[in-house]
Amino acid sequence: MQKFVRKILHVFSSEVEFGDNCLVNVFPIRDSIYAATESNYIWEVDPVTLESLRRENLTEILAVNSCTAHPYVNKDGSLYNAGSKYGKNGYYCIVQLNKSEPSEEIETEPTEDKSEPLSDGNKPPANVNENKPTVSKLSGKIISKITPRWSLNPSYYHSFGMTENYFIFIEQPVTISVLGILLKRKILKQPISEVIEFFPKETAIFHVIDKSTGEHVPKRFITDAFFFFHVINSYEQDDHIVIDLCRHKDYKSTLQGATTYVTENKKMLKETELTLKSARYVLPLRLDVEKTPDGPNLVSLAGSQATANLNKDGSIHLHFEDILPSQQVELTRINENFTGKPYRYFYGIGFNDESLTCLVKADVETKSFVQYDDPSYIFSEPVFIQRPGATAEDDGVVVSVLIHIHEDNKAGLLILDATTFNVVARATFEACIPMGFHGWYTPTK
């Protein structure tokens, strides 16, 4: 039976492809803009007309079946991302993508269009079915591989952490059934949510990888089961790694609450709201050899309330600190110049009793926040734009799209002063704009 399953997976693993409806995020790779979802496809788009220019298949570039829509853009224009290969000898990996030089462009055979239909039954424009090979404009490499603890049930993840010297990949006990993809996804054409399962009695594992070598830090960091979409930020300080994220207690209640919220224009379920925390985990990189299993806290970072304890099996059990106890926040953003560095402020979508959503500016040093709300509108993820020449972390503006709750053809754009959170400008107009997830600010040249 085991050999039979392995043979199926060997054939299947090279054919795992998801849709190319790239509606989750947009980001630059050097001088080009790409739209992405959590699949093996990304689309290059024209930043002025928003026309879809060409589709890139990451499976042909990196030997992965999926990548996140939350990469980190480097100063040289390349980006880091996390991806997965499913099936026999599957793995998670940290990858680097870049624009190819003309001599490095890869000629690939045309592939079948496996995109999922949009709501109107049409597929996005594609040039992949022409009767001639296409030339990829991207090149890439795998920096490090991580072996899943369950090969047939690898972890689902939406983002990962990065500091100046390390990547942090969190293997949460929210998993994707590889055999489920074969049956429910490929054969029955069911959505990906049907093959995701949460194991509340299992631990989450923090894998730490050296950026310069790709080697794994030989420490096993674990914590109690939880579910997350978004890392807020992560950084190094005094021989510790600090990683802040939006922590949900479990997957199912979060999905149920979000579905109710989106489809019925209701607040997220109260019990779901109470499980959402802005959680800070602190990973000690150097251990005090005199400390014994089940002994004192290994975290020696000044001012930190997060803890870590050495288990008898040598693993290090992490306990988080709630850095914003009085508000629930998701879809968080920071000043991108502080990515991977100590920071003070983040911005996100909050929830309260007066309106469906509100915009929040959080101060992680004081654990306080300010908010802006309007009961008539839903807000998109706030994007921070730094003022030219700014030196203060919050010197800039925060931009958010407005979507009217009751009038489908009414939308707007809101600009807040990031320091005071007062309105700088606000415009409304007639347009039907669907709810989005993430965005990227790109200055004109």
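Strand 1 and strand 2 form a hairpin with two residues between them, and Arg30 in this turn has a positive phi of about 55°. The model is predicted: local features need pLDDT of at least 70, side-chain atom pairs count only at pLDDT 80 or more, and totals for chains, interfaces and linings use all residues. Residues are numbered from 1 along each chain as its sequence is written, and side-chain values use heavy atoms, with hydrogens and water left out.

Strands here are DSSP runs (E, at least two residues), numbered from the N terminus. Two of them pair if DSSP finds at least two bridges between them.

| Strands | Sense | Bridges | Opposite residues |
|---|---|---|---|
| Strand 1 (residues 25-29) and strand 2 (residues 32-36) | antiparallel | five | Ile29 and Ser32 |
| Strand 2 and strand 3 (residues 41-45) | antiparallel | four | Tyr34 and Glu44 |

An open sheet of four strands has the order 1-2-3-4, with antiparallel pairing. Its edge strands are strand 1 and strand 4 (52-57), each of which pairs on one side only.

Elsewhere in the chain, Ile243 lies in strand 19 (residues 240-248). Ile243 counts as buried because its relative accessibility is 0%. Not counting residues up to four places away in sequence, its contacts (heavy atoms within 4.5 Å) include Gly161, Ile168, Phe206, Val231 and Tyr281. The C-alpha atoms of Ile243 and Ile232 are separated by 7.7 Å, and these residues are eleven apart along the chain.

Terms used. Buried means under 20% relative accessible area, exposed over 50%, partly exposed in between (1.4 Å probe, protein chains only).
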